[in-house]
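Please look through the sequence and the three-dimensional picture below before reading on. The paragraphs that follow will then lead you through them step by step.

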Amino acid sequence: MTSFQDFGLADPISRALAEENYLTPTPIQAQTIPLALTGRDVVGIAQTGTGKTAAFALPILHRILQNRIKPQPKSCRVLVLSPTRELSGQILESFNAYGRHMRLTSALAIGGVPMGRQVRSVMQGVEVMVATPGRLLDLVQSNGLRLGNVEFLVLDEADRMLDMGFINDIRKIVGKLPIKRQTLFFSATMPKDIAELAEQMLRDPARVAVTPVASTVERIEQRIIQVDHASKPAFLAQLLKQEQVDRALIFTRTKHGADKVVKSLERAGIRADAIHGNKSQNHRERVLAAFRTGEIRTLVATDIAARGIDVDGITHVFNFDLPNIPETYVHRIGRTARAGADGVAISLVAGAEEMAYLRDIEKLIRVTLPREDRRTPGYRDAVPQQQHRAGRPAQPTHSARGADAAPGAKGPRRRRRPGHGAPAANRHEAARHESSRPSQGGKTEGMQGVAFLHRESRPARAKPNQRPQR
Ligand code: AMP
C-alpha cells in the first residue's frame, strides 16, 4: 500500500498532512499524485468525497515549492476553476491547510459578493487562485487579473460546470492561458461532451479513475419511509430499537436539527451524540473515537461535520432529513457499505419538498426507490411550504452571472435548493425552517404510524438501473 512518504512531498507539505491526520492516500490520490508530480496532464474521474482536492493540490504545492518565484502583480500561478461558491471556498481552505507551512498566498474569486475586495486581494499577485468561471472572467475583463502567467490549471467538477452552463466561459478562460501549462481535469462522470472538452484542453493526459459512488449504492439496501414531520423522532427511535443496528450514523440538514435528534433519542432511552460545526474540535474527536470503538453506537451529524469521517462497520445510515443536493445523499449512504460490506440506508421523508428532493436523488442514482407510506391518515403537514419556496434562489440569468456560482443555481438538469450545502444565508434559512416545524408538543402524533411499522416486513432491496432517467 502506498503511503504519503512514498510520494517524496516537500517537508512543509508532509508536516501539514501529518497535522491533518492524513495517514494513507485515498485511491484517487495514490493514482494522481505520482503522475501530477512529473508534470503530466491528468484527467480523472472522481467524485467529491474521494479526496480529489488533495489529489490535485498536493502535487501542485510541491511543484510550486520546487520553483518558488514571486507571482507577478495581478496574476496567479495556479488557477482552480470550480462550479460553486461553496466548493471554491472548500478548495481554497484545503490549499491553505496543506500549504500552511509554506506561506502560501491565495485568493478566492466567486460571484455574489462585491468584486472590490477580490480585485485588491490579487493586486500583488497570488500563488493560488480559486474561482468560479463567471466571476473570474469579470475579474479578467475589468483588468483586475491577467492570466498570462498561469502555470497550473485545475478544472474541478467539470460535468457540473457544463450542466450549469459554464462551457463558453471556460473556453474563453482557457483561450487566455499560456499553452505551456499543466492541466488537471476532474469530473464525476465522463459523458461525450466532457471527454471532448478534456481532449481540447489537455496534452497527452494520463487517465485515472476511482469507482463511481453509484456502484457503492448498489450494495446498499435503501428504504424510503414517508412519514409526517412530527413523527420523525418517534420513527427514528423505533427503527433504532428494531433493526439489527451495530453502528448508526444519522444525518440532519442543520446543526439545530442534530441537537434536537440527540435529545429526542435520549428521551427514548437511546444514547447518542452529535457532531457539527458548533461543537469544539475536542468534542468532535472524543465523540468520533467513542463511535469508532463502539462505545457510542449512534452518531448524529450534519453533512459538513461528517466530511472526512472514515469509520468502518457503520451498518445503518439514517437520513432524518433528505439533503437538497442529490450527490450528498450518495455520499451519506456511502458511509455504510465500506470495504465491500453491505449496509442499510433508511430515509425519513416528509412533505412535498422532501419528496421533490427524493425525485432528484432517484434521477441521479437512476433507481426508483420503493416507498413505505407511514403517514397518519388525515394528518396534514403543517410545514409552511411558502416559506420554503421563498428561500429558493433565483435561476441564474445571463445578466446575473456575477452571482453565477450560487450553489443553488439551477442547471438544466439538476435542481438545487436551499438547505445544507447552500451558502450560509440559505443554511440559516433551512435552520429557520427546521425550527418552524410543528413541535411534538408532548402529543403522540405519528405513533399510530409507528405501530403500523411493526406489522410491515422490509421491502425488497431496490434494483439498480430499474428506470434509467437520464
Ligand atoms: P474531497 O473529496 O477532496 O472533498 O475530500 C473529502 C474529505 O476527505 C475531506 O474532508 C478531506 O479532508 C478528507 N481527506 C482527503 N484525503 C484524505 C486522506 N488521505 N486521509 C484522510 N482524510 C482525507
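**A walk through the chain**

Thr368 lies in the loop between α16 and β14 (371–373), where helices (H or I, at least four residues) and strands (E, at least two) are DSSP runs numbered from the N terminus. This is a predicted model, in which local features need pLDDT of at least 70 and side-chain atom pairs count only at pLDDT 80 or more, while totals for chains, interfaces and linings use all residues. Residues are numbered from 1 along each chain as its sequence is written, and side-chain values use heavy atoms, with hydrogens and water left out.

With a relative accessibility of 22%, Thr368 counts as partly exposed; the term buried means under 20% relative accessible area, exposed means over 50%, and partly exposed lies in between, with a 1.4 Å probe and protein chains only. Thr368 and Leu358 are 10 residues apart in sequence, and their C-alpha atoms are 9.4 Å apart in space.

Two packed helices are described by the angle between their axes and the distance between the axes. Here the axes are lines fitted to C-alpha atoms, for helices over the stretch in contact, and the angles run from 0 to 180 degrees between N-to-C directions. Helix α15 (residues 326–333) packs against helix α16 (residues 351–365) at an angle of about 75°, and their axes are 8 Å apart. That makes α15 roughly perpendicular to α16, given that angles under 35 degrees count as roughly parallel, over 145 as roughly antiparallel, 65 to 115 as roughly perpendicular and the rest as oblique. Pro326, Glu327, Tyr329 and Val330 of α15 make the contact with Asp360, Ile361, Leu364 and Ile365 of α16, where contact means heavy atoms within 4.5 Å. Sorted by class, the contact of α15 with α16 has six nonpolar, no polar and two charged residues; Ala, Val, Leu, Ile, Met, Phe, Trp, Tyr, Cys and Pro count as nonpolar, Asp, Glu, Lys and Arg as charged, and the others, Gly among them, as polar.

How are α8 and α9 arranged relative to each other? Helix α8 (residues 167–175) and helix α9 (residues 192–201) pack at an angle of about 10°, with 12 Å between their axes, and α8 and α9 are therefore roughly parallel to each other. On the side of α8, Ile167, Ile170, Arg171 and Val174 meet Leu197, Gln200 and Met201 in α9. The residues of this contact of α8 with α9 comprise five nonpolar, one polar and one charged.

Pro12, Ile13 and Leu17 in α1 meet Leu58, Leu61, His62 and Leu65 in α3, and by class the contact of α1 with α3 has six nonpolar residues, one polar residue and no charged ones. Helix α3 (residues 52–66) also holds Gln66, which is exposed, with a relative accessible area of 58%. The C-alpha atoms of Gln66 and Ala10 are separated by 8.4 Å, although these two residues are 56 residues apart along the chain.

Ala30 lies in helix α2 (residues 27–37) and is partly exposed, with a relative accessible area of 24%. Leaving aside residues up to four places away in sequence, Ala30 touches Thr2, Phe7 and Pro25. Phe7 in turn belongs to an aromatic cluster that it forms with Phe4, Tyr22 and Tyr98.

Most residues other than glycine have a negative phi, and most peptide bonds are trans. Arg103, in the loop between α4 (85–98) and β3 (106–109), has a phi near 50°, a positive value in a residue other than glycine. Glu157, in the loop between β5 (152–155) and α7 (158–163), likewise has a positive phi near 50°. Are these residues buried or exposed? Arg103 is exposed, with a relative accessible area of 76%, whereas Glu157, at 10% relative accessibility, counts as buried.

Finally, consider the chain as a whole. The chain has 19 helices and 14 strands, and buried residues make up 54% of its 470 residues.

Key
Rings of Phe, Tyr and Trp (its six-membered ring) pair if their centres lie within 6.5 Å; planes under 30 degrees apart count as stacked, over 60 as edge-to-face and the rest as tilted.
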